[in-house]
Amino acid sequence: MSETNVSLPDLTGSTAVITGANSGLGLETAKVLARRGARVVLAVRDTAKGEEAAREVEGEADVRRLDLADLASVREFADGWKGDLALLINNAGLMAVPEGRTRDGFETQFGVNHLGHFALTNLLLPHVTGRVVTVSSGMHRAVNRIDFDNPNLEGRYTPYRAYGQSKLANLLFTLELQRRLDAADSSVLATAAHPGYAATNLQGRTGKPLEDRFMGVLNRIVAQSAAAGALPTVYAATQDVPGAAFAGPTGLFMNGAPGPSSRSTAAQDPEAARQLWELSEKLTETSFPL
């Protein structure tokens, strides 16, 4: 499977920022976009790893530091941005990690997967000319609501509950972002994607050796490649889709060619999306700029 599953436009002259692009889905997304002529900016916490990854990209690739677990780093990245930005791809994420906190005191998965990207999007949006693509997961179905009273899940934390909440937040964020873009008569689109079951280093960080080994076996036997898993992101970034579209693999077992994907009822709730946005504004001290 390759990018020939979708017809990609010529991206010469455009710039794409991809968070977490030093490996996995982010790096594979960067490779595809660069091959079509885009200048890709690998926004990564570890710039040494980012530079190493950039050498795998056939085309123009820059590396800039961004730590989504630290809102000061997010602001520094955005403050340093100059010029138009065709694509902002909110790809970086953590999955099912032990309980922890970001630099700003947020539960780690909610803080990195959602709040960091929420702040980055608001701060960069005046530069965006094309699309904001946020990578969610089929695991958004693991929860049926955001715990607005306790988003850090204090006393209720489990790794997969927290992951599911963060991935549901990604879809509600996309829904409300598109509503606000429409209200502002902006031509920018907000879309989302999920990779299906793709073998990346996202898995195997639970801190439980037996569970991590089991996930490694599943990666080898069941999962599709990271390159295949990146294609729904590319689809959401480049194809003719409506605002708030959600792309994913269309084959069995969360594999196969990219296309439109379904989402849970909870992920389509406009009131929850509005409530999440207002909470996120308060927590990050950023707001919709248009």
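**Entry 1. Threonine 286**

I began with threonine 286 and listed its contacts (heavy atoms within 4.5 Å): leaving aside neighbours within four places in sequence, the partners are Arg75, Phe118, Ala119, Asn122, Leu123 and Glu281. I note that this is a predicted model, in which local features need pLDDT of at least 70 and side-chain atom pairs count only at pLDDT 80 or more, while totals for chains, interfaces and linings use all residues. Residues are numbered from 1 along each chain as its sequence is written, and side-chain values use heavy atoms, with hydrogens and water left out.

I located threonine 286 in the segment after helix 9; helices (H or I, at least four residues) and strands (E, at least two) are DSSP runs numbered from the N terminus. Threonine 286 has 5% relative accessibility and therefore counts as buried, a term I use for under 20% relative accessible area, with exposed for over 50% and partly exposed in between (1.4 Å probe, protein chains only). I also looked up its C-alpha distance to leucine 123, which is 7.2 Å across a sequence separation of 163 residues.

**Entry 2. The chain as a whole**

I counted 9 helices and 8 strands in the chain. Of its 290 residues, 58% count as buried. Among contacts with a separation of 6 or more, 72% join residues 24 or more positions apart.

I traced an open sheet of 8 strands in the order 3-2-1-4-5-6-7-8, with mixed pairing; two strands pair if DSSP finds at least two bridges between them. Strand 3 and strand 8 (258–260) stand at the edges with a single partner strand each, so one side of each has no neighbour in the sheet. Neighbouring strands are turned by 25° against each other on average, direction ignored. Here and below, axes are lines fitted to C-alpha atoms, for helices over the stretch in contact, and angles run from 0 to 180 degrees between N-to-C directions.

I then took the pairs one by one. Strand 1 (residues 15–19) and strand 2 pair in the parallel sense over 5 bridges, and threonine 15 has arginine 39 as its bridge partner in strand 2. Helix 1 (residues 24–35) packs on the sheet and touches strand 1, strand 2 and strand 4 (85–90); its direction makes about 170° with that of strand 1.

Strand 2 (residues 39–44) and strand 3 (residues 61–65) also form a parallel pair, over 5 bridges. Arginine 64 in strand 3 is the bridge partner of alanine 43. Between these strands the chain passes through helix 2 (residues 47–54), and the β-α-β crossover is right-handed; that is, with the strands pointing away from the viewer, the path from the first strand over the helix to the second runs clockwise.

I compared the span of helix 5 (residues 159–183) with expectation: its 25 residues reach 36 Å from first to last C-alpha, close to the 36 Å expected at 1.5 Å a residue. The expected span is 1.5 Å times one less than the number of residues. Just after helix 5, aspartate 185 takes a positive phi of about 55°.

Helix 5 packs against helix 9 (residues 270–284) at about 95°, with the axes 8 Å apart. That makes the two helices roughly perpendicular (65 to 115 degrees; under 35 is roughly parallel, over 145 roughly antiparallel and the rest oblique). The contact residues include Leu172, Phe173 and Arg180 of helix 5 and Ala273, Trp277 and Glu281 of helix 9.

**Entry 3. Two alanines with positive phi**

I checked backbone angles, given that most residues other than glycine have a negative phi. Alanine 96 has a positive phi near 55°. This alanine 96 is in the loop between strand 4 and helix 4 (108–124) and is buried, with a relative accessible area of 1%. Alanine 244 has a positive phi of about 70°; alanine 244 is in the loop between helix 8 and strand 7 and counts as buried at 11% relative accessibility.

**Entry 4. Threonine 108**

I ended with threonine 108, which is found in helix 4 and is buried, with a relative accessible area of 13%. Not counting residues up to four places away in sequence, threonine 108 touches Leu94, Gly100, Arg101, Thr102 and Asn113. Its C-alpha is 9.6 Å from that of serine 166, which is 58 residues apart in sequence.
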